[in-house]
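Open the model in your viewer and follow the stops below. Each one says what to select and what is there.

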Amino acid sequence: MANHLSHDTKSRIVSLDARPEPIAIDTASTAVIVVDMQNDFGAKGGVFDRAGIDISGIQKVIVPTSQVLASARNAGVKIIYLKMGFRPDLSDLGAPDSVNRVRHLRAGVGQTVRAPDGSESRMLIRDTWNTDIVPELKPQADDVILYKTRFSGFYETDLDATLKKLGMKYLIITGCTTSICVESTVRDAMFRDYLCILLADCMSEPIGYDLPRSNHEASLLAIQTLFGWVSGSDEFIRALEEQPIAAAPVQR
């Protein structure tokens, strides 16, 4: 697990076009959060695909997300990956009658499957093909990778401590799924006074995708109204590439 907490990015303030209004962010205190972009949710043979869930929406966000990550790395912005994954003995799945345990068992957590290369794997189990990040978004040496066992990336994880140690304030959110793990993480981030900007074209939600107003759209509306900001990959990349609007002291 990569878990590098050094962060020496030079501080600069850039303006990011977003809803409900533009927001100025300091690149030295900004992190890109990649939520659950792992094989179980975004690849053929993963838990979603095996359950008959349409993963095409999640696969479509891979390209803009990869562009965001490339731009962020070029600007020295920290990248943190969250992965949904349980211990092999499922001891962290929850109490016998907990919703987390019951619903995940129903989905097949822990079942042994064959990865596309023929190797043995297990659904939603740590350190297997199933919980690897999709290859197109593969983490690099300086990135942070954290496992989580609930929908929120803050529940019984080191995410908050990691962000505080790095001096992070602004969180650029990408990943899946919009209404479940993304929204759960954003709500918990807002409760801890982080400023979250969601990149709408870098996330997807299969639940309710065919409704007149999708769950994805409903989550974005709620978040831009009360929990943070909504923007897009082009706006974020453009903000990083443009000249800063001001300089600021480096946050350590």
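What percentage of the 252 residues in the protein chain do buried residues make up? The share is 56%, where buried means under 20% relative accessible area, exposed over 50%, and partly exposed in between (1.4 Å probe, protein chains only).

Before moving on, note that this is a predicted model: local features need pLDDT of at least 70, side-chain atom pairs count only at pLDDT 80 or more, and totals for chains, interfaces and linings use all residues. Residues are numbered from 1 along each chain as its sequence is written, and side-chain values use heavy atoms, with hydrogens and water left out.

**Stop 1: the whole chain**

Show the protein chain as a cartoon. It has 9 helices and 10 strands. These are DSSP runs, numbered from the N terminus: helices are H or I with at least four residues, strands are E with at least two. The radius of gyration, taken over C-alpha atoms, is 18 Å, close to the 18 Å that the globule rule gives for 252 residues, so the chain is as compact as a globular protein of that length. That rule is 2.2 Å times the number of residues to the power 0.38. Along the principal axes, the C-alpha atoms fill a box of roughly 55 × 45 × 35 Å.

**Stop 2: Asn-39**

Select Asn-39, in helix α1 (residues 39-42). Asn-39 is buried, with a relative accessible area of 3%. Now show its contacts (heavy atoms within 4.5 Å). Leaving aside neighbours within four places in sequence, Asn-39 touches Gly-46, Trp-129, Asn-130, Asp-132, Ile-133, Val-134 and Pro-135.

**Stop 3: helices α7 and α8**

Select residues 178-191 for α7 and 215-227 for α8. At what angle do they pack? About 10 degrees, with their axes 10 Å apart. Axes are lines fitted to C-alpha atoms, for helices over the stretch in contact, and angles run from 0 to 180 degrees between N-to-C directions. The two helices are therefore roughly parallel, the term for angles under 35 degrees. On the α7 side, contact residues include Val-186 and Met-190; on the α8 side, Ile-223 and Phe-227 are among them.

**Stop 4: Leu-220**

Stay in α8 and pick Leu-220. Is it buried or exposed? Leu-220 is buried, at 7% relative accessible area. Beyond neighbours within four places in sequence, Leu-220 contacts Thr-178, Leu-198, Ala-200, Met-203 and Val-230. Finish with a distance: the C-alpha atoms of Leu-220 and Met-190 are separated by 14 Å, and the two residues lie 30 apart along the chain.

Terms used. Angles under 35 degrees count as roughly parallel, over 145 as roughly antiparallel, 65 to 115 as roughly perpendicular and the rest as oblique.
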